Amino acid sequence: MTTAAAVPRRVPAARARQLAGTGALLRLALRRDRVLIPAWVLGLGAVVAGTGSSFEALYDTAARRAALAVSMNGNGSMRALYGPVFGDSVGGLVAWRMAGFGAVLAAVMSLLIVVRHTREEEETGRQELLCAGAVGRRAPLTAALLTALLADAALAVVIAGSLAGSGRPAAGSLALGLGIGATGLLFAALAAVAAQLTESARLAKGLTGAVLGLAFALRAAGDAGTDNSSPLTWLSPLGWSQHLRAYAGERWWPLALFAVATALIACAAYALTARRDLGMSFLPARPGPARAPRSLSGPLGLAWRLQRTTLAGWTLGFVCAGGIFGGLAKGAADLVGGNARTREIVARMGGQQDLTDAFLATMAGLLGMVAALFAVGAVLRLHGEETAGRAEPVLAGAVGRLRWAAGHLALAFGGSAVILAFGGLALGVSYGASAGDPLGRTGPVLAAALAQAPAVWTLTGLAVLVLGLLPRAAPAVWALVGGCLALGWVGPSLDLPRWAMDLSPYSHLPKLPGTDATAAPFLWLLALSALFTAAGLVGLRRRDLC
(Lines give C-alpha, C1' and ligand atoms only; values in the text may rest on other atoms or scores of the structure.)
Protein backbone atom coordinates (compact mmCIF):
# COMPACT_ATOMS: atom_id res chain seq x y z
CA MET A 1 0.00 0.00 0.00
CA THR A 2 1.36 3.40 -1.01
CA THR A 3 1.69 5.86 1.82
CA ALA A 4 1.05 9.58 1.49
CA ALA A 5 4.66 10.32 2.47
CA ALA A 6 5.96 8.28 -0.48
CA VAL A 7 4.01 10.17 -3.14
CA PRO A 8 5.95 13.47 -3.10
CA ARG A 9 9.25 11.62 -3.44
CA ARG A 10 8.20 10.13 -6.79
CA VAL A 11 7.96 13.47 -8.56
CA PRO A 12 11.61 14.52 -8.06
CA ALA A 13 12.70 11.00 -8.96
CA ALA A 14 10.72 11.10 -12.21
CA ARG A 15 12.18 14.46 -13.10
CA ALA A 16 15.66 13.20 -12.38
CA ARG A 17 15.11 10.24 -14.73
CA GLN A 18 14.08 12.65 -17.51
CA LEU A 19 17.48 14.36 -17.17
CA ALA A 20 19.49 11.14 -16.96
CA GLY A 21 22.55 11.22 -19.20
CA THR A 22 22.69 15.01 -19.49
CA GLY A 23 26.30 15.15 -18.34
CA ALA A 24 27.46 12.56 -20.87
CA LEU A 25 25.60 14.32 -23.71
CA LEU A 26 27.06 17.66 -22.65
CA ARG A 27 30.59 16.25 -22.76
CA LEU A 28 29.86 14.75 -26.17
CA ALA A 29 28.51 18.06 -27.49
CA LEU A 30 31.52 19.98 -26.20
CA ARG A 31 33.85 17.46 -27.77
CA ARG A 32 32.09 17.70 -31.12
CA ASP A 33 32.18 21.52 -30.95
CA ARG A 34 35.75 21.75 -29.67
CA VAL A 35 36.72 23.66 -32.83
CA LEU A 36 33.44 25.41 -33.67
CA ILE A 37 32.86 27.14 -30.33
CA PRO A 38 36.43 28.44 -29.80
CA ALA A 39 36.51 29.70 -33.39
CA TRP A 40 33.30 31.68 -32.90
CA VAL A 41 34.20 32.98 -29.45
CA LEU A 42 37.79 33.98 -30.20
CA GLY A 43 36.93 35.32 -33.64
CA LEU A 44 34.11 37.54 -32.40
CA GLY A 45 36.20 38.63 -29.42
CA ALA A 46 39.03 39.61 -31.77
CA VAL A 47 36.63 41.63 -33.94
CA VAL A 48 35.37 43.56 -30.91
CA ALA A 49 38.91 44.22 -29.67
CA GLY A 50 40.00 45.24 -33.16
CA THR A 51 37.08 47.63 -33.42
CA GLY A 52 38.22 49.38 -30.25
CA SER A 53 41.78 49.73 -31.57
CA SER A 54 40.47 51.04 -34.87
CA PHE A 55 38.31 53.72 -33.26
CA GLU A 56 41.17 54.72 -30.99
CA ALA A 57 43.43 55.26 -34.01
CA LEU A 58 40.81 56.92 -36.20
CA TYR A 59 39.29 59.30 -33.65
CA ASP A 60 42.14 60.09 -31.32
CA THR A 61 40.61 63.23 -29.78
CA ALA A 62 37.42 63.83 -27.84
CA ALA A 63 36.35 66.46 -30.37
CA ARG A 64 36.55 64.03 -33.27
CA ARG A 65 34.62 61.38 -31.37
CA ALA A 66 31.93 63.88 -30.39
CA ALA A 67 31.61 65.03 -34.00
CA LEU A 68 31.23 61.44 -35.15
CA ALA A 69 28.54 60.76 -32.55
CA VAL A 70 26.57 63.84 -33.61
CA SER A 71 26.91 62.87 -37.27
CA MET A 72 25.74 59.29 -36.69
CA ASN A 73 22.81 60.29 -34.49
CA GLY A 74 21.72 62.81 -37.11
CA ASN A 75 21.63 60.22 -39.90
CA GLY A 76 18.49 58.07 -39.87
CA SER A 77 19.98 55.42 -42.15
CA MET A 78 23.02 54.97 -39.92
CA ARG A 79 20.81 54.72 -36.84
CA ALA A 80 18.77 52.05 -38.60
CA LEU A 81 21.94 50.15 -39.48
CA TYR A 82 23.85 50.38 -36.19
CA GLY A 83 21.56 52.11 -33.69
CA PRO A 84 22.06 55.39 -31.83
CA VAL A 85 25.34 56.49 -30.25
CA PHE A 86 24.85 56.78 -26.48
CA GLY A 87 28.42 57.74 -25.57
CA ASP A 88 31.22 59.45 -27.50
CA SER A 89 34.13 57.75 -25.72
CA VAL A 90 36.10 55.05 -27.53
CA GLY A 91 34.19 52.43 -25.55
CA GLY A 92 30.89 54.11 -26.39
CA LEU A 93 31.71 53.97 -30.10
CA VAL A 94 32.65 50.29 -29.79
CA ALA A 95 29.30 49.63 -28.10
CA TRP A 96 27.50 51.56 -30.85
CA ARG A 97 29.15 49.50 -33.58
CA MET A 98 29.18 46.08 -31.89
CA ALA A 99 26.18 45.87 -29.51
CA GLY A 100 23.83 45.06 -32.38
CA PHE A 101 26.24 43.44 -34.82
CA GLY A 102 27.89 41.30 -32.15
CA ALA A 103 24.50 40.27 -30.79
CA VAL A 104 23.44 39.07 -34.25
CA LEU A 105 26.59 36.95 -34.57
CA ALA A 106 26.13 35.53 -31.07
CA ALA A 107 22.54 34.62 -31.99
CA VAL A 108 23.73 32.82 -35.13
CA MET A 109 26.35 30.91 -33.14
CA SER A 110 23.79 29.85 -30.53
CA LEU A 111 21.09 28.74 -32.93
CA LEU A 112 23.60 26.64 -34.86
CA ILE A 113 24.75 24.94 -31.66
CA VAL A 114 21.26 24.13 -30.38
CA VAL A 115 19.85 22.93 -33.70
CA ARG A 116 22.93 20.79 -34.28
CA HIS A 117 22.50 18.93 -31.00
CA THR A 118 18.70 18.58 -31.11
CA ARG A 119 16.86 18.42 -34.41
CA GLU A 120 19.91 17.51 -36.49
CA GLU A 121 20.66 14.57 -34.20
CA GLU A 122 17.09 13.34 -34.58
CA GLU A 123 17.12 13.87 -38.33
CA THR A 124 20.24 11.74 -38.80
CA GLY A 125 19.00 8.98 -36.48
CA ARG A 126 21.82 9.35 -33.95
CA GLN A 127 19.48 10.58 -31.24
CA GLU A 128 17.42 7.41 -31.46
CA LEU A 129 20.52 5.32 -30.81
CA LEU A 130 21.51 7.47 -27.84
CA CYS A 131 18.03 7.40 -26.35
CA ALA A 132 18.07 3.60 -26.48
CA GLY A 133 20.44 3.78 -23.51
CA ALA A 134 20.04 5.43 -20.13
CA VAL A 135 19.13 8.85 -21.53
CA GLY A 136 16.19 10.81 -20.21
CA ARG A 137 13.59 12.47 -22.40
CA ARG A 138 14.76 16.00 -21.61
CA ALA A 139 18.49 15.26 -21.53
CA PRO A 140 19.28 16.07 -25.21
CA LEU A 141 17.57 19.46 -25.05
CA THR A 142 19.18 20.27 -21.70
CA ALA A 143 22.65 19.33 -22.99
CA ALA A 144 22.18 21.49 -26.09
CA LEU A 145 21.06 24.51 -24.05
CA LEU A 146 23.93 24.06 -21.59
CA THR A 147 26.39 23.92 -24.48
CA ALA A 148 24.99 27.19 -25.82
CA LEU A 149 25.09 28.67 -22.31
CA LEU A 150 28.78 27.82 -21.92
CA ALA A 151 29.56 29.24 -25.37
CA ASP A 152 27.70 32.49 -24.71
CA ALA A 153 29.24 32.82 -21.24
CA ALA A 154 32.71 32.33 -22.72
CA LEU A 155 31.91 34.92 -25.38
CA ALA A 156 30.82 37.44 -22.73
CA VAL A 157 34.00 36.82 -20.73
CA VAL A 158 36.26 37.17 -23.78
CA ILE A 159 34.59 40.40 -24.91
CA ALA A 160 34.57 41.95 -21.45
CA GLY A 161 38.10 40.81 -20.70
CA SER A 162 39.58 42.02 -23.99
CA LEU A 163 37.98 45.44 -23.69
CA ALA A 164 38.83 45.89 -20.01
CA GLY A 165 42.36 44.68 -20.68
CA SER A 166 42.80 47.35 -23.35
CA GLY A 167 41.99 50.11 -20.88
CA ARG A 168 38.22 50.48 -21.27
CA PRO A 169 36.09 50.93 -18.11
CA ALA A 170 35.28 47.60 -16.51
CA ALA A 171 31.55 48.32 -16.03
CA GLY A 172 31.01 49.19 -19.68
CA SER A 173 33.07 46.20 -20.83
CA LEU A 174 30.99 43.88 -18.66
CA ALA A 175 27.72 45.43 -19.89
CA LEU A 176 28.66 44.97 -23.55
CA GLY A 177 29.83 41.39 -23.00
CA LEU A 178 26.70 40.46 -21.04
CA GLY A 179 24.40 42.08 -23.60
CA ILE A 180 25.92 40.14 -26.48
CA GLY A 181 26.04 36.88 -24.54
CA ALA A 182 22.47 37.25 -23.25
CA THR A 183 21.19 37.82 -26.78
CA GLY A 184 22.90 34.63 -27.90
CA LEU A 185 21.33 32.66 -25.05
CA LEU A 186 17.86 34.03 -25.84
CA PHE A 187 18.14 32.86 -29.44
CA ALA A 188 19.43 29.50 -28.22
CA ALA A 189 16.10 29.08 -26.44
CA LEU A 190 14.24 30.20 -29.58
CA ALA A 191 16.18 27.64 -31.60
CA ALA A 192 15.15 24.98 -29.07
CA VAL A 193 11.49 25.82 -29.70
CA ALA A 194 12.03 25.81 -33.47
CA ALA A 195 13.65 22.38 -33.19
CA GLN A 196 10.43 21.05 -31.65
CA LEU A 197 8.19 22.69 -34.21
CA THR A 198 9.94 21.73 -37.44
CA GLU A 199 10.83 18.39 -38.95
CA SER A 200 14.32 19.22 -40.22
CA ALA A 201 17.42 21.05 -39.02
CA ARG A 202 17.32 23.27 -42.10
CA LEU A 203 13.79 24.44 -41.31
CA ALA A 204 14.68 24.99 -37.65
CA LYS A 205 17.62 27.19 -38.63
CA GLY A 206 15.50 29.03 -41.16
CA LEU A 207 12.69 29.68 -38.69
CA THR A 208 15.06 30.96 -36.01
CA GLY A 209 16.90 33.03 -38.61
CA ALA A 210 13.60 34.55 -39.69
CA VAL A 211 12.90 35.58 -36.09
CA LEU A 212 16.39 37.09 -35.95
CA GLY A 213 15.70 39.01 -39.15
CA LEU A 214 12.40 40.28 -37.72
CA ALA A 215 14.20 41.37 -34.54
CA PHE A 216 16.72 43.31 -36.61
CA ALA A 217 13.96 44.91 -38.69
CA LEU A 218 12.04 45.99 -35.57
CA ARG A 219 15.17 47.44 -34.03
CA ALA A 220 16.12 49.23 -37.25
CA ALA A 221 12.63 50.67 -37.69
CA GLY A 222 12.58 51.90 -34.11
CA ASP A 223 16.06 53.44 -34.25
CA ALA A 224 15.43 55.11 -37.61
CA GLY A 225 13.26 57.67 -35.80
CA THR A 226 14.62 60.41 -33.62
CA ASP A 227 13.16 58.96 -30.40
CA ASN A 228 15.59 56.46 -28.87
CA SER A 229 12.82 54.90 -26.78
CA SER A 230 10.59 53.80 -29.68
CA PRO A 231 8.32 50.87 -28.77
CA LEU A 232 9.58 49.02 -31.86
CA THR A 233 13.11 49.03 -30.45
CA TRP A 234 11.91 47.54 -27.19
CA LEU A 235 10.10 44.75 -29.05
CA SER A 236 13.47 43.46 -30.24
CA PRO A 237 16.09 41.75 -28.04
CA LEU A 238 18.72 43.43 -30.22
CA GLY A 239 17.36 46.71 -28.90
CA TRP A 240 17.65 45.44 -25.33
CA SER A 241 21.35 44.74 -25.89
CA GLN A 242 21.93 48.28 -27.14
CA HIS A 243 19.93 49.86 -24.33
CA LEU A 244 22.22 48.45 -21.71
CA ARG A 245 24.13 51.61 -22.74
CA ALA A 246 27.63 50.27 -22.22
CA TYR A 247 30.13 53.04 -21.46
CA ALA A 248 27.30 55.58 -21.28
CA GLY A 249 25.83 55.29 -17.79
CA GLU A 250 25.10 51.56 -17.80
CA ARG A 251 21.52 50.45 -17.24
CA TRP A 252 21.49 46.90 -15.92
CA TRP A 253 17.76 46.26 -15.75
CA PRO A 254 17.43 45.16 -19.44
CA LEU A 255 19.29 42.02 -18.34
CA ALA A 256 16.13 41.11 -16.43
CA LEU A 257 14.22 41.20 -19.73
CA PHE A 258 16.70 38.72 -21.18
CA ALA A 259 16.42 36.46 -18.14
CA VAL A 260 12.61 36.39 -18.08
CA ALA A 261 12.23 35.97 -21.84
CA THR A 262 14.86 33.23 -22.02
CA ALA A 263 13.30 31.34 -19.11
CA LEU A 264 9.79 31.49 -20.60
CA ILE A 265 10.95 30.40 -24.05
CA ALA A 266 13.03 27.56 -22.61
CA CYS A 267 10.03 26.37 -20.58
CA ALA A 268 7.98 26.36 -23.79
CA ALA A 269 10.66 24.23 -25.47
CA TYR A 270 10.56 21.73 -22.60
CA ALA A 271 6.78 21.60 -22.70
CA LEU A 272 6.84 20.91 -26.43
CA THR A 273 9.49 18.20 -26.23
CA ALA A 274 7.41 16.39 -23.61
CA ARG A 275 4.44 16.24 -25.98
CA ARG A 276 5.97 14.81 -29.13
CA ASP A 277 7.57 11.54 -30.17
CA LEU A 278 11.21 11.29 -31.13
CA GLY A 279 11.68 12.35 -34.73
CA MET A 280 8.24 13.94 -34.98
CA SER A 281 7.38 17.65 -35.12
CA PHE A 282 4.43 19.95 -34.53
CA LEU A 283 4.70 21.37 -38.04
CA PRO A 284 4.99 18.27 -40.23
CA ALA A 285 5.53 18.55 -43.94
CA ARG A 286 2.43 18.83 -46.06
CA PRO A 287 1.63 15.78 -48.18
CA GLY A 288 2.69 16.32 -51.75
CA PRO A 289 0.48 15.94 -54.81
CA ALA A 290 -0.44 12.48 -56.00
CA ARG A 291 1.60 12.99 -59.16
CA ALA A 292 4.93 14.77 -59.19
CA PRO A 293 5.27 17.73 -61.57
CA ARG A 294 7.49 17.36 -64.60
CA SER A 295 9.97 19.78 -63.06
CA LEU A 296 10.99 17.04 -60.60
CA SER A 297 11.92 14.63 -63.38
CA GLY A 298 15.58 15.62 -63.23
CA PRO A 299 18.28 16.57 -60.70
CA LEU A 300 18.09 20.26 -61.57
CA GLY A 301 14.38 20.37 -60.81
CA LEU A 302 14.95 18.57 -57.51
CA ALA A 303 17.73 20.98 -56.54
CA TRP A 304 15.52 23.92 -57.44
CA ARG A 305 12.68 22.53 -55.34
CA LEU A 306 15.01 22.06 -52.36
CA GLN A 307 16.73 25.45 -52.53
CA ARG A 308 14.24 27.87 -54.08
CA THR A 309 12.99 29.19 -50.75
CA THR A 310 16.56 29.83 -49.59
CA LEU A 311 17.36 31.65 -52.82
CA ALA A 312 14.25 33.81 -52.48
CA GLY A 313 15.13 34.74 -48.90
CA TRP A 314 18.70 35.68 -49.79
CA THR A 315 17.50 37.72 -52.76
CA LEU A 316 15.08 39.66 -50.58
CA GLY A 317 17.81 40.27 -48.01
CA PHE A 318 20.20 41.60 -50.65
CA VAL A 319 17.55 43.92 -52.04
CA CYS A 320 16.97 45.38 -48.58
CA ALA A 321 20.70 45.70 -47.86
CA GLY A 322 21.37 47.29 -51.23
CA GLY A 323 18.60 49.81 -50.70
CA ILE A 324 19.96 50.83 -47.29
CA PHE A 325 23.59 51.09 -48.43
CA GLY A 326 22.62 53.04 -51.54
CA GLY A 327 20.81 55.61 -49.46
CA LEU A 328 23.98 56.15 -47.42
CA ALA A 329 26.31 56.60 -50.39
CA LYS A 330 25.45 60.21 -51.20
CA GLY A 331 26.42 61.31 -47.70
CA ALA A 332 29.60 59.24 -47.54
CA ALA A 333 31.81 62.32 -47.62
CA ASP A 334 29.86 63.90 -44.77
CA LEU A 335 30.09 60.72 -42.69
CA VAL A 336 33.85 60.53 -43.11
CA GLY A 337 34.33 64.27 -42.72
CA GLY A 338 37.88 65.57 -42.66
CA ASN A 339 39.42 62.57 -40.90
CA ALA A 340 42.42 61.66 -43.05
CA ARG A 341 42.84 58.25 -41.38
CA THR A 342 39.24 57.28 -42.14
CA ARG A 343 39.62 58.43 -45.74
CA GLU A 344 42.73 56.28 -46.00
CA ILE A 345 40.87 53.18 -44.76
CA VAL A 346 37.90 53.80 -47.08
CA ALA A 347 40.32 54.23 -49.98
CA ARG A 348 42.08 50.99 -48.99
CA MET A 349 38.75 49.15 -49.00
CA GLY A 350 37.17 50.84 -52.02
CA GLY A 351 40.02 52.26 -54.09
CA GLN A 352 41.64 55.64 -54.64
CA GLN A 353 38.77 57.12 -56.65
CA ASP A 354 36.17 59.65 -55.53
CA LEU A 355 35.07 59.03 -51.94
CA THR A 356 31.48 58.25 -52.96
CA ASP A 357 32.67 55.73 -55.55
CA ALA A 358 35.00 54.22 -52.95
CA PHE A 359 32.07 53.83 -50.58
CA LEU A 360 29.99 52.17 -53.31
CA ALA A 361 32.91 49.87 -54.16
CA THR A 362 33.18 48.92 -50.50
CA MET A 363 29.48 48.11 -50.32
CA ALA A 364 29.63 46.09 -53.54
CA GLY A 365 32.56 44.15 -52.08
CA LEU A 366 30.58 43.52 -48.90
CA LEU A 367 27.68 42.13 -50.94
CA GLY A 368 30.13 39.87 -52.74
CA MET A 369 31.64 38.53 -49.53
CA VAL A 370 28.22 37.79 -48.05
CA ALA A 371 27.05 36.15 -51.30
CA ALA A 372 29.74 33.50 -50.76
CA LEU A 373 27.79 32.31 -47.71
CA PHE A 374 24.81 31.45 -49.92
CA ALA A 375 26.97 29.78 -52.57
CA VAL A 376 28.90 27.63 -50.09
CA GLY A 377 25.67 26.71 -48.33
CA ALA A 378 24.17 25.58 -51.64
CA VAL A 379 27.22 23.38 -52.30
CA LEU A 380 27.16 21.89 -48.82
CA ARG A 381 23.52 20.94 -49.37
CA LEU A 382 25.05 18.06 -51.36
CA HIS A 383 26.88 17.00 -48.20
CA GLY A 384 23.66 17.17 -46.21
CA GLU A 385 21.77 15.07 -48.76
CA GLU A 386 24.61 12.55 -48.73
CA THR A 387 24.99 12.18 -44.96
CA ALA A 388 21.22 12.05 -44.42
CA GLY A 389 20.91 9.12 -46.84
CA ARG A 390 18.67 10.97 -49.29
CA ALA A 391 21.26 10.88 -52.07
CA GLU A 392 21.32 7.07 -52.30
CA PRO A 393 17.74 6.63 -53.62
CA VAL A 394 18.42 9.28 -56.26
CA LEU A 395 21.71 7.72 -57.34
CA ALA A 396 20.19 4.22 -57.33
CA GLY A 397 18.27 5.16 -60.48
CA ALA A 398 19.49 6.40 -63.83
CA VAL A 399 21.14 9.48 -62.33
CA GLY A 400 24.90 9.63 -62.12
CA ARG A 401 26.84 11.45 -59.43
CA LEU A 402 27.97 14.26 -61.70
CA ARG A 403 24.44 14.89 -62.95
CA TRP A 404 23.13 14.85 -59.39
CA ALA A 405 25.79 17.32 -58.26
CA ALA A 406 25.28 19.54 -61.31
CA GLY A 407 21.77 20.47 -60.21
CA HIS A 408 22.94 21.86 -56.87
CA LEU A 409 26.03 23.48 -58.38
CA ALA A 410 23.86 25.27 -60.92
CA LEU A 411 21.96 26.80 -58.00
CA ALA A 412 25.22 27.66 -56.21
CA PHE A 413 26.88 29.41 -59.15
CA GLY A 414 23.76 30.81 -60.81
CA GLY A 415 21.98 31.70 -57.58
CA SER A 416 24.94 33.71 -56.30
CA ALA A 417 24.92 35.71 -59.54
CA VAL A 418 21.19 36.33 -59.15
CA ILE A 419 21.42 37.67 -55.61
CA LEU A 420 24.40 39.84 -56.57
CA ALA A 421 22.42 41.24 -59.50
CA PHE A 422 19.42 42.11 -57.34
CA GLY A 423 21.62 43.53 -54.58
CA GLY A 424 23.59 45.63 -57.05
CA LEU A 425 20.42 46.80 -58.74
CA ALA A 426 18.94 47.91 -55.42
CA LEU A 427 22.21 49.59 -54.46
CA GLY A 428 22.38 51.48 -57.76
CA VAL A 429 18.72 52.50 -57.86
CA SER A 430 18.78 53.69 -54.24
CA TYR A 431 21.96 55.69 -54.77
CA GLY A 432 20.74 57.07 -58.09
CA ALA A 433 17.43 58.15 -56.57
CA SER A 434 19.20 59.99 -53.74
CA ALA A 435 21.56 61.64 -56.26
CA GLY A 436 18.77 62.56 -58.66
CA ASP A 437 20.03 60.35 -61.51
CA PRO A 438 18.66 56.80 -61.11
CA LEU A 439 19.22 55.76 -64.72
CA GLY A 440 22.76 57.05 -65.04
CA ARG A 441 24.06 55.71 -61.70
CA THR A 442 22.47 52.25 -61.69
CA GLY A 443 24.50 50.65 -64.48
CA PRO A 444 28.01 51.17 -63.04
CA VAL A 445 26.95 50.08 -59.56
CA LEU A 446 25.21 46.96 -60.92
CA ALA A 447 28.37 46.10 -62.85
CA ALA A 448 30.44 46.57 -59.68
CA ALA A 449 28.26 44.09 -57.81
CA LEU A 450 28.37 41.51 -60.61
CA ALA A 451 32.16 41.93 -60.79
CA GLN A 452 32.32 40.17 -57.40
CA ALA A 453 31.03 36.93 -58.93
CA PRO A 454 34.45 35.46 -59.90
CA ALA A 455 35.66 35.75 -56.30
CA VAL A 456 32.42 34.20 -55.03
CA TRP A 457 32.77 31.37 -57.53
CA THR A 458 36.38 30.76 -56.47
CA LEU A 459 35.22 30.06 -52.92
CA THR A 460 32.35 28.00 -54.35
CA GLY A 461 34.81 25.91 -56.33
CA LEU A 462 36.94 25.49 -53.21
CA ALA A 463 33.88 24.14 -51.39
CA VAL A 464 33.33 21.63 -54.22
CA LEU A 465 36.99 20.60 -54.00
CA VAL A 466 36.80 19.92 -50.26
CA LEU A 467 33.46 18.12 -50.63
CA GLY A 468 34.86 15.86 -53.35
CA LEU A 469 38.21 15.03 -51.79
CA LEU A 470 37.68 15.45 -48.03
CA PRO A 471 33.93 15.10 -47.37
CA ARG A 472 34.33 14.86 -43.60
CA ALA A 473 36.08 18.24 -43.61
CA ALA A 474 33.37 19.88 -45.72
CA PRO A 475 31.94 21.98 -42.84
CA ALA A 476 35.40 23.52 -42.40
CA VAL A 477 34.79 25.48 -45.61
CA TRP A 478 32.76 27.88 -43.48
CA ALA A 479 35.97 28.80 -41.66
CA LEU A 480 37.61 29.69 -44.99
CA VAL A 481 34.69 31.89 -45.97
CA GLY A 482 34.69 33.48 -42.53
CA GLY A 483 38.41 34.21 -42.90
CA CYS A 484 37.79 36.04 -46.17
CA LEU A 485 34.99 38.02 -44.53
CA ALA A 486 37.26 38.94 -41.63
CA LEU A 487 40.06 40.02 -43.98
CA GLY A 488 37.72 42.22 -45.96
CA TRP A 489 35.93 43.62 -42.90
CA VAL A 490 38.73 44.43 -40.48
CA GLY A 491 41.88 43.91 -42.54
CA PRO A 492 42.02 47.46 -43.96
CA SER A 493 41.45 49.12 -40.58
CA LEU A 494 44.17 46.95 -38.98
CA ASP A 495 46.52 47.73 -41.88
CA LEU A 496 47.38 44.07 -42.45
CA PRO A 497 50.32 43.31 -44.80
CA ARG A 498 49.63 42.87 -48.47
CA TRP A 499 50.42 39.15 -48.48
CA ALA A 500 47.75 38.56 -45.83
CA MET A 501 45.11 40.52 -47.77
CA ASP A 502 45.99 38.63 -50.95
CA LEU A 503 44.88 35.38 -49.33
CA SER A 504 41.33 36.48 -50.12
CA PRO A 505 40.21 36.28 -53.77
CA TYR A 506 38.32 39.55 -53.31
CA SER A 507 41.53 41.54 -52.89
CA HIS A 508 42.52 40.72 -56.49
CA LEU A 509 39.43 42.34 -58.02
CA PRO A 510 39.43 45.97 -59.23
CA LYS A 511 37.61 48.44 -56.97
CA LEU A 512 34.55 49.27 -59.07
CA PRO A 513 32.94 51.69 -59.78
CA GLY A 514 35.34 54.51 -60.56
CA THR A 515 38.55 52.69 -61.55
CA ASP A 516 39.85 51.08 -64.71
CA ALA A 517 39.42 47.32 -64.94
CA THR A 518 41.32 44.71 -66.92
CA ALA A 519 40.20 41.21 -67.80
CA ALA A 520 43.20 39.44 -66.25
CA PRO A 521 42.06 39.12 -62.61
CA PHE A 522 38.57 37.99 -63.65
CA LEU A 523 39.98 35.35 -66.00
CA TRP A 524 42.46 34.06 -63.40
CA LEU A 525 39.76 33.71 -60.75
CA LEU A 526 37.35 32.04 -63.19
CA ALA A 527 40.08 29.60 -64.22
CA LEU A 528 40.85 28.84 -60.57
CA SER A 529 37.16 28.30 -59.88
CA ALA A 530 36.84 25.92 -62.82
CA LEU A 531 39.95 24.00 -61.70
CA PHE A 532 38.69 23.61 -58.15
CA THR A 533 35.24 22.52 -59.33
CA ALA A 534 36.58 19.99 -61.82
CA ALA A 535 38.96 18.45 -59.27
CA GLY A 536 36.17 18.27 -56.70
CA LEU A 537 33.80 16.55 -59.14
CA VAL A 538 36.47 14.01 -60.06
CA GLY A 539 36.91 13.23 -56.36
CA LEU A 540 33.14 13.00 -55.84
CA ARG A 541 32.83 10.53 -58.70
CA ARG A 542 35.55 8.23 -57.42
CA ARG A 543 35.06 8.19 -53.65
CA ASP A 544 32.56 6.24 -51.57
CA LEU A 545 29.46 7.98 -50.27
CA CYS A 546 29.49 8.95 -46.60
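Modeller: Start with a rule: the expected span of a helix is 1.5 Å times one less than its number of residues. Keep in mind that this is a predicted model.

Colleague: How do you know that the length of helix 20 agrees with that rule?

Modeller: Helix 20 covers residues 401-435, which is 35 residues.

Colleague: Where is the kink in helix 20 centred?

Modeller: The kink is centred on G407 and amounts to about 30°. After helix 20 comes G436, with a positive phi near 80°.

Colleague: What span does helix 3 reach, and what is expected?

Modeller: Helix 3, residues 36-58, has 23 residues. From first C-alpha to last it reaches 32 Å, close to the expected 33 Å. Its buried residues include I37, V41, L44, G45 and V48.

Colleague: Why is T442 called buried?

Modeller: Buried means under 20% relative accessible area. T442 has 11% relative accessibility, so T442 counts as buried. T442 sits in helix 21, residues 438-450. Leaving out residues up to four places away in sequence, T442 touches L425, G428 and V429.

Colleague: Why is R245 called partly exposed?

Modeller: Partly exposed lies between the two cut-offs, 20% and 50%. R245 has a relative accessible area of 25%, so R245 is partly exposed. R245 lies in the loop between helix 13 (237-242) and helix 14 (254-273). R245 is not a glycine, yet its phi is positive, about 55°.

Colleague: Is Y247 buried or exposed?

Modeller: Y247 has 11% relative accessibility, and the cut-off is under 20%, so Y247 counts as buried. Y247 is also in the loop between helix 13 and helix 14. Its phi is positive too, about 65°, although Y247 is not a glycine.

Colleague: What makes the peptide bond from L512 to P513 cis?

Modeller: Its omega is near 0°. P513 is in the loop between helix 24 (498-501) and helix 25 (520-542).

Colleague: Which residues lie nearest the centre of the second largest pocket?

Modeller: They are E122, R137, T273, R276 and L278, out of 14 lining residues. The lining has five nonpolar, five polar and four charged residues. Helix 8 (126-131) and helix 9 (139-165) each supply at least two lining residues. The space in this pocket is about 210 Å³.

Definitions and conventions
Residues numbered from 1 in each chain as written. Predicted model: local features only at pLDDT ≥ 70, side-chain atom pairs only at ≥ 80, totals over all residues. Heavy atoms only, no water. Helix = DSSP H or I, 4+ residues; strand = E, 2+ residues; numbered from the N terminus. Buried < 20%, exposed > 50% of the residue type's maximum accessible area, 1.4 Å probe, protein only. Contact = heavy atoms within 4.5 Å. Bend = angle between axes of the 7 residues up to and from the residue. 1 Å grid on protein atoms, 1.4 Å probe; cavity = no way out; pocket = protein on both sides within 12 Å on 5 of 7 lines; lining within 4 Å. Points joined across faces, edges and corners; volume = space filled by probe spheres on them. Nonpolar A, V, L, I, M, F, W, Y, C, P; charged D, E, K, R; others polar.
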